[in-house]
Amino acid sequence: MSAGRDAMEGQLILRVVSKFLIPVIMLFALYVQFHGEYGPGGGFQAGVIMASALIVHMLVFGLDETRRVAPLPVLRVLSAGGALLYGAVGIVAMLFGGNFLDYGVLGPTAPTGQVIGIIVIELGVGITVASTMVLLAFLFAERVRER
Amino acid sequence: MDAHFQALIVVLPLLAAPLAALLRGRTGPWLLATLVSWAMLGLALALLLKVQAEGTLSYALGGWAAPIGIEYRLDALNAFVQVLLALVAAVVLPFMHLSAAQEIDEERLPGLYAAVLLLLAGLTGITATGDAFNVFVFLEISSLATYTLIALGQDRRALTSAFRYLIMGTIGATFFLIGVGLLYGMTGTLNMADLGERLPAVADTRTVHTAVAFLVVGVCLKLALFPLHLWLPNAYTYAPSAVSALLAATSTKVAVYVLIRFLYTVFGVEFSFGELPLTSILVVLAMLGMLIASAVAIGQQEVKRLLAYSSVAQVGYMVLGIALATTAGLTAALLHLFNHALMKSALFLALGCIAFRMGGTRVEHFKGIGRSMPWTSAAFVAGGLSLIGVPLTVGFISKWYLVLAAIGQGWWWLVVVILISSLMAVVYIWRLVEVAYFETPAERDRHHEAPLSLLLPTWLLVALNFWLGIDTRLTVGVAESAARALTGGGS
């Protein structure tokens, strides 16, 4: 096992505080995600915040623990799935008779359709960004462990 | 439905890329990518026919009308380039199945095909869009995919060459973006057609001149014009065989398209070549490229690198045609853009066959392949003839038009330079022919002909080299109409 994990094992304060903080970080990520259309934020920022929760988990509890929470195959599917979700909105808009990504046609009125469209699209962005960030962190952590 | 073709040709590969990354094994992702490339070819041909029948097509992405929204704008020029892109992809992808399975670990294959699809999405996106900033975005998508593809090569040096290309490519893209930013600052618009209308009013400012400088240098880095070509030889040499074929036929061609689009549509012929001294700068660099890169190609021992240097020289022909700033010159540039893609992809695919059987593409691997791999070596010779510009091949057609354009300007010395450069091509191709047919292999030969699934795509491209070299109605017709529209001052 890596030295990093051993070092953190004795750090009671770090472990307790991060256990307390991780859910709050995740909640904040969801807030940034779904508040993005009214305030500062959006899918990319939310995705990074969500990923940072998992990366803190990895730093404190070790790579193996985090991999149990977020298995690689799931992350792979999510990272591709988010992008597909984004594209799917565009395709659905086409099927509804609009142009590609014209999400005004998704709802009964154009503004409602635009709200639906932007929320789904930003969700796709958030999913892809979060899972890709975690995948990258895993890759680096594996490199460190190999040494 | 056909109203959406313009968007679908970009969206299809873009969405197929994450799907391909999700699939496992060696056949699934490949099959998806191949089917997508065939669909793209169908879309591109349909769009070309439609453009010829109805004129310029416009598609408002997201329903936002131009010039505020992103507009996809298709005329004869980009429809022509899209057909080329889709055609090369549709032929190279079937080839890639066996070739990539031999050269790349199975677990990386889904990533390879995802990157190929992203590359296609980026390149078609550049040609599809009518928005200057959107060009930058797609440029980055295609470049990032390219860096990944090059890094997948077997040789460890693939990593350093991918990194070098990353640095050079990023500088190029940044210069391009600075140029676009300056133009936006002066005109307040990013739509190319709109830029073309608003620029003349502010053309005589230092800001616009600076923007032109940044844009031209940035794009010339991407298209590997002579002194900015240093990233290209290593990138083509160490990339996987099929990827080299795809890149050589598409990525520099799309950069040439961007150069044409900006110089002719956005800045306008009078400004680019009348007010600014671009003709003399580009002609000198193109000529130096043709002569020096051809000379360097003659001395190469690694055949992929030889072809890469020859590509740098061939880019010179295209830029020469552009710099002439006449309808004839531009026709020649467009023809050569299309024709060079055909000959280079045929040659690189033949090299891929050789790499598949012989395990390498250095000159010594060519020893005796005339006997052991007759079809592959014949394909290589045929592609080489086209590269030299022998009559009945596409290479002859584009050089013929280029020579005519040069004579039309009264620049006889240019004809001499073109001939010298072609003669140099004879030297470097003949050297390989000699080794392939007249030298006996060192050991008793147990190598045999490449499998049919590699030979068929190779020969399809070789056949196109001859077919379009004899029946030139399609290519010359489209190139001429595109060139006339661009030089005639119309959109």
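Helices (H or I, at least four residues) and strands (E, at least two) are DSSP runs, numbered from the N terminus. This is a predicted model, in which local features need pLDDT of at least 70 and side-chain atom pairs count only at pLDDT 80 or more, while totals for chains, interfaces and linings use all residues. Residues are numbered from 1 along each chain as its sequence is written, and chains are lettered from A and ligands numbered from 1 in the order in which they are written.

**Stop 1: Leu8 of chain B**

Select Leu8(B), which lies in helix α1 of chain B. A residue is buried if 20 or more other C-beta atoms lie within 10 Å of its own, exposed if 12 or fewer, and partly exposed in between, with C-beta atoms placed from the backbone. Leu8(B) is buried because 21 other C-beta atoms are within 10 Å.

**Stop 2: where chain B meets chain A**

Two residues are in contact if their C-beta atoms, placed from the backbone, lie within 7 Å. Show both chains: 14 residues of chain B are in contact with 13 residues of chain A. On the chain B side, the elements giving two or more residues are α1 (5–22) and β1 (57–60). The largest share, 8 residues, comes from α1(B). By class, this side of chain B has 11 nonpolar, 3 polar and no charged residues; Ala, Val, Leu, Ile, Met, Phe, Trp, Tyr, Cys and Pro count as nonpolar, Asp, Glu, Lys and Arg as charged, and the others, Gly among them, as polar.

**Stop 3: chain A**

Chain A has 6 helices and 0 strands. Its radius of gyration is 18 Å, well over the 15 Å that the globule rule gives for 147 residues, so chain A is more spread out than a compact globule. The radius is taken over C-alpha atoms, and the rule is 2.2 Å times the number of residues to the power 0.38. The C-alpha trace of chain A spans about 60 × 30 × 20 Å along its principal axes. Buried residues make up 37% of the 147 residues in chain A.

**Stop 4: the strand pair in chain B**

Bring chain B back and select β1(B) and β2(B). They run antiparallel and are joined by 4 bridges; two strands pair if DSSP finds at least two bridges between them. Tyr59(B) has Tyr72(B) in β2(B) as its bridge partner. In a regular strand the side chains alternate between the two faces of the sheet. Both faces of β2(B), residues 71–74, are covered: Glu71(B) and Arg73(B) are buried on one side, Tyr72(B) and Leu74(B) on the other.

**Stop 5**

Select residues 109–128 of chain B, helix α4. Of its 20 residues, 19 are buried, so α4(B) is largely enclosed by the rest of the structure.

Move to α7(B), residues 192–202, where the buried residues include Met192(B), Leu195(B) and Leu199(B). The buried residues of α7(B) pack against α5 (132–151), α6 (157–187), α8 (206–223) and α10 of chain B.

**Stop 6: the two domains of chain B**

Colour domain 1 (1–276) and domain 2 (300–491) of chain B separately; these bounds come from an automatic or database domain assignment. Their C-alpha centres lie 22 Å apart. Between them, 42 residues of domain 1 are in contact with 39 residues of domain 2. On the domain 1 side, the largest share, 15 residues, comes from α10(B). That side divides into 29 nonpolar, 11 polar and 2 charged residues.

Definitions and conventions. The expected span of a helix is 1.5 Å times one less than its number of residues.
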